[in-house]
Amino acid sequence: MIAIVDYKAGNLASVKKAFDHLGAETVVTASPDEVERAEKIVLPGVGHFAATKALDESGLRETILTCIERGVPFLGICVGMQWMLASSEEAPDVHGLALWPGECSRFPSGVKSPHVGWNSLQIRDGLSRLLRGVGDGTFVYFTHSYRVPLLTSTVAAYEYGGEFSAVIEYENMFGLQFHPEKSGSAGLSILENFFAL
Amino acid sequence: MLTKRIIACLDVDAGRVVKGTQFLKLRDAGDPAELAAAHSAAGADEVVLLDITATHQKRATLIATVKRTAHELFVPFTVGGGVRTLKDAGAIFDAGADKISINSAAIADPSLITCIAQRFGSQAVIVAIDAKRNENGFQAWTGGGRVASGREAVAWAKEAEDRGAGEILLTSMDRDGTKEGFDCELTRAISRAARIPVIASGGAGSAEDFVHVFREGAADAALAASIFHFGLSSISELKRHLLVAGIPMRYPC
């Protein structure tokens, strides 16, 4: 069972729909108990970094951290990935999980923001489990105003006024800046890789 | 590299596609869910469904159509037409749309943009502007192009951005249906003034027109309502033409 964490921010239906299409069993839930029992955890995200504050209030932050320490595969999507870092310029008072140091910041001036559309992945680590079978230059769909810097765990980057993290991966921790549920067959392959872990 | 987008548009009335679906050698009328999936498979980067009647009685039909269309679609999906309130928008998002497009209601009450953006995020709000030339420049029209709003189009685009819109869907009323090409001057004026992406619409008559609107018009995306009748068999063929002309495209897709 994959728990899709509901923190009342944005459209979780499309992430669930994509996993359903792949034949995965999912539950959309805001309950720490249900998340605790899941074999895998997905934290989707559209909207504002401040919305992740709800995860502190419901106790889900602690649950998620405990599960990650136990080795449960965890996937953060878009704002869900940004939350895996320490903080974001978008809501400086809200703390991320700090699985990686660093801050999400705005795009440099000179490019339009939000970054909307299909951009290509520059694969940096051919051994990524999440990107198995996904070729260098594959296009995926982004829509976001804040970006994750390059990290030691960046396995794929994208170029938009600089180079930033598209995919981060370390052991059982995975983050995608783009929306795999909106990235056609390439996105479905990535979700299938997560499902198959 | 970020690509330029080709967006397929379906005009829907009472749950059926009524026009603008000639990309695929299919009948004029058709099932929106089937056509949306076919466009996506043929290379459309996004799909827009415009409810052209959007009368009160037909809202329930629209919601059912959106639900069915979203079900097997794994590219971004926008719904426009008749969205007047936060509640209307919420129902459409619940049915599976990723973005909504608002036009007349945003001009009547610009705070609606902020209201929807705060609840669902700016990435989910497209402000559609129907623009027409006058002696001073470009004016925004509402009510499906029947009412002059009195707003200057470039200033309105900037205001929509400041209020939280994530993208602008810009239709040239002067060019719409003419096949004389997009209004590149209009598109460029809005694209240069706004820091959010601009989707150009209205006037396409050839693949070259798309090259111009991306190059001279500085458009970020273009809406393709009906391209089959000017000699292209698919979106994929259009994208190949653009790629050869040096426009970044998601291809093959």
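What is the mean pLDDT of chain B, and what share of its residues reach 70 or more? The mean is 89, and 90% of the residues of chain B reach 70 or more. This is a predicted model. The model as a whole scores ipTM 0.91 and pTM 0.94.

One stretch of chain B calls for care. Over residues 20-27 of chain B, pLDDT stays under 50. The model still has 25 contacts beyond four places in sequence for these residues. Where pLDDT is low, the predicted coordinates should not be read in detail.

**Chain B as a whole**

| Property of chain B | Value |
|---|---|
| Helices and strands | nine helices and 11 strands |
| Box filled by the C-alpha atoms, along the principal axes | roughly 45 × 45 × 35 Å |
| Buried share of the 253 residues | 53% |

How does the radius of gyration fit a compact globule? Chain B has 253 residues, so a compact globule would have a radius of gyration near 18 Å. The value for chain B is 17 Å, which agrees.

Contacts also reach along the sequence. Take the contacts in chain B between residues at least 6 apart in sequence: 65% of them join residues at least 24 apart.

**The nonpolar core**

The largest nonpolar core has 140 residues. Which residues have the most contacts inside it? They are I7(B), I100(B), V127(B), I168(B), A222(B) and A224(B).

Look at I7(B) in detail. Leave out residues up to four places away in sequence, and I7(B) touches A44(B), D45(B), E46(B), V48(B) and I199(B), as well as A221(B), A222(B), L223(B) and A224(B). Two of these partners, A222(B) and A224(B), are also on the list of residues with the most contacts inside the core.

**Where the chains meet**

The contact between the chains takes 28 residues from chain A and 25 residues from chain B. On the side of chain B that touches chain A, 10 residues are nonpolar, eight are polar and seven are charged.

**A sheet in chain A**

Chain A holds an open sheet of three strands, in the order β5-β6-β10, with mixed pairing.

Strands of a sheet pair through backbone hydrogen bonds, either parallel or antiparallel. β5(A) pairs with β6 (residues 103-106) of chain A in the parallel sense, over two bridges. The bridge partner of S88(A) in β6(A) is C104(A).

Conventions: Residues are numbered from 1 along each chain as its sequence is written. Chains are lettered from A and ligands numbered from 1 in the order in which they are written. This is a predicted model: local features need pLDDT of at least 70, side-chain atom pairs count only at pLDDT 80 or more; totals for chains, interfaces and linings use all residues. Two residues are in contact if their C-beta atoms, placed from the backbone, lie within 7 Å. Ala, Val, Leu, Ile, Met, Phe, Trp, Tyr, Cys and Pro count as nonpolar, Asp, Glu, Lys and Arg as charged, and the others, Gly among them, as polar. Two strands pair if DSSP finds at least two bridges between them. Helices (H or I, at least four residues) and strands (E, at least two) are DSSP runs, numbered from the N terminus. A nonpolar core is a set of buried Ala, Val, Leu, Ile, Met, Phe, Trp, Tyr and Cys residues joined through C-beta atoms within 7 Å. A residue is buried if 20 or more other C-beta atoms lie within 10 Å of its own, exposed if 12 or fewer, and partly exposed in between; C-beta atoms are placed from the backbone. pLDDT is the predictor's confidence in each residue, from 0 to 100. The radius of gyration is taken over C-alpha atoms; the globule rule is 2.2 Å times the number of residues to the power 0.38.
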